[in-house]
Amino acid sequence: MLRLPARLRRLCLTLPFAATAALAQGPELVATPLPTGDYAVARDALVEAVEAKGLVLDPPSRFGEMLKRTGPDLGMGAPVYAQAEVFHFCSARIAWTLAQEDPRNAAMCPLSIALYALPPQPGKAPAVYATYRSPGDATPGQRQAEALLRAIVADIQANAAP
């Protein structure tokens, strides 16, 4: 039987826990308030920003509607969102870079940006947010995807400005 030095045994025992802790943290979520409280204006601004990059949007996921529909059956209280949708799109160039870096990066495509408005609150102006999961910055493909998402959000802000 092979006997490992104590230091190496401790290292072998702690590595799986360190990896699990890193995974448990999850992706960074980037949320940006938009300069309009009008969801329809913000939605149009998002569509325009994505299409101006030469990208094609898939039909959005109607996340807020799903939560409203299922909430009563699950015994949930008031809805979290007034409106919420997730918009999906893909850049072939970035997808190729990500796939060549690591085939597991297929899970990163398509990219998505969620748009949501919170329910009205007394004394507060309506607020609409754009949010996305950061792909990270460890590889060139991740940096390209992050740069694209940031640029689209900046364009959404500009397009939604009064």
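**Close-up views of a predicted model**

**View 1. Gln 100, an exposed residue of helix α4.**
Gln 100 counts as exposed because its relative accessibility is 63%, against a cut-off of over 50%. The structure shown here and in the views below is a predicted model. Gln 100 is part of helix α4.

**View 2. Helix α4 against helix α5.**
The axes of α4 and α5 come within 8 Å and cross at roughly 150°. Angles over 145 degrees count as roughly antiparallel, so α4 is roughly antiparallel to α5. The crossing of α4 past α5 is left-handed. Sorted by class, the contact of α4 with α5 has five nonpolar residues, four polar and one charged.

**View 3. The loop between α4 and β3.**
Two residues are picked out in this loop. Asn 105 lies in the loop between α4 and β3. With 12% relative accessibility, under the 20% cut-off, Asn 105 counts as buried. Leaving aside residues up to four places away in sequence, Asn 105 touches Leu 98 and Ala 99. The peptide bond joining Cys 109 and Pro 110 is cis, with omega about 0°. In general, most peptide bonds are trans.

**View 4. Helix α2 against helix α5.**
Helix α2 (residues 39-52) and helix α5 (residues 140-160) have axes that come within 8 Å and cross at roughly 130°. Roughly antiparallel would need an angle over 145 degrees and roughly perpendicular one of 65 to 115; α2 and α5 are therefore oblique to each other. The crossing of α2 past α5 is right-handed. From α2, the contact is made by Val 41, Ala 42, Ala 45, Leu 46, Glu 48, Ala 49 and Val 50. From α5, Ile 152, Asp 155, Ile 156, Asn 159 and Ala 160 take part. The residues of the contact of α2 with α5 divide into nine nonpolar, one polar and two charged.

**View 5. The four-stranded open sheet.**
Four strands form an open sheet in the order β1-β4-β3-β2, with antiparallel pairing. β1 (29-33) and β2 (83-89) are the edge strands, and each pairs on one side only. On average, and with direction ignored, neighbouring strands of the sheet are turned by 20° against each other.

β1 and strand β4 (residues 128-133) are paired antiparallel over five bridges. Within this pair, Val 30 stands opposite Tyr 132 in β4. Pro 33 stands opposite Tyr 129 in β4.

**View 7**
How many residues of β3 are buried? Seven of its seven residues are, so β3 is largely enclosed by the rest of the structure. Leu 111, Ile 113, Leu 115 and Ala 117 point one way from β3, whereas Ser 112, Ala 114 and Tyr 116 point the other way. Both sets are buried. β3 is joined to β4 by four bridges, and these strands run antiparallel. Ala 114 stands opposite Thr 131 in β4, and the bridge partner of Leu 115 in β4 is Ala 130.

β2 and strand β3 (residues 111-117) run antiparallel and are joined by seven bridges. The bridge partner of Val 86 in β3 is Ala 114, the residue that stands opposite Thr 131 in β4. Phe 89 has Leu 111 as its bridge partner in β3. β2 is an edge strand of the sheet, yet five of its seven residues are buried, so β2 is largely enclosed by the rest of the structure.

Terms used: Residues are numbered from 1 along each chain as its sequence is written. This is a predicted model: local features need pLDDT of at least 70, side-chain atom pairs count only at pLDDT 80 or more; totals for chains, interfaces and linings use all residues. Side-chain values use heavy atoms; hydrogens and water are left out. Axes are lines fitted to C-alpha atoms, for helices over the stretch in contact, and angles run from 0 to 180 degrees between N-to-C directions. Angles under 35 degrees count as roughly parallel, over 145 as roughly antiparallel, 65 to 115 as roughly perpendicular and the rest as oblique. A crossing is left-handed if the near helix is turned anticlockwise from the far one by less than a right angle, and right-handed if clockwise. Contact means heavy atoms within 4.5 Å. Ala, Val, Leu, Ile, Met, Phe, Trp, Tyr, Cys and Pro count as nonpolar, Asp, Glu, Lys and Arg as charged, and the others, Gly among them, as polar. Two strands pair if DSSP finds at least two bridges between them. Buried means under 20% relative accessible area, exposed over 50%, partly exposed in between (1.4 Å probe, protein chains only).
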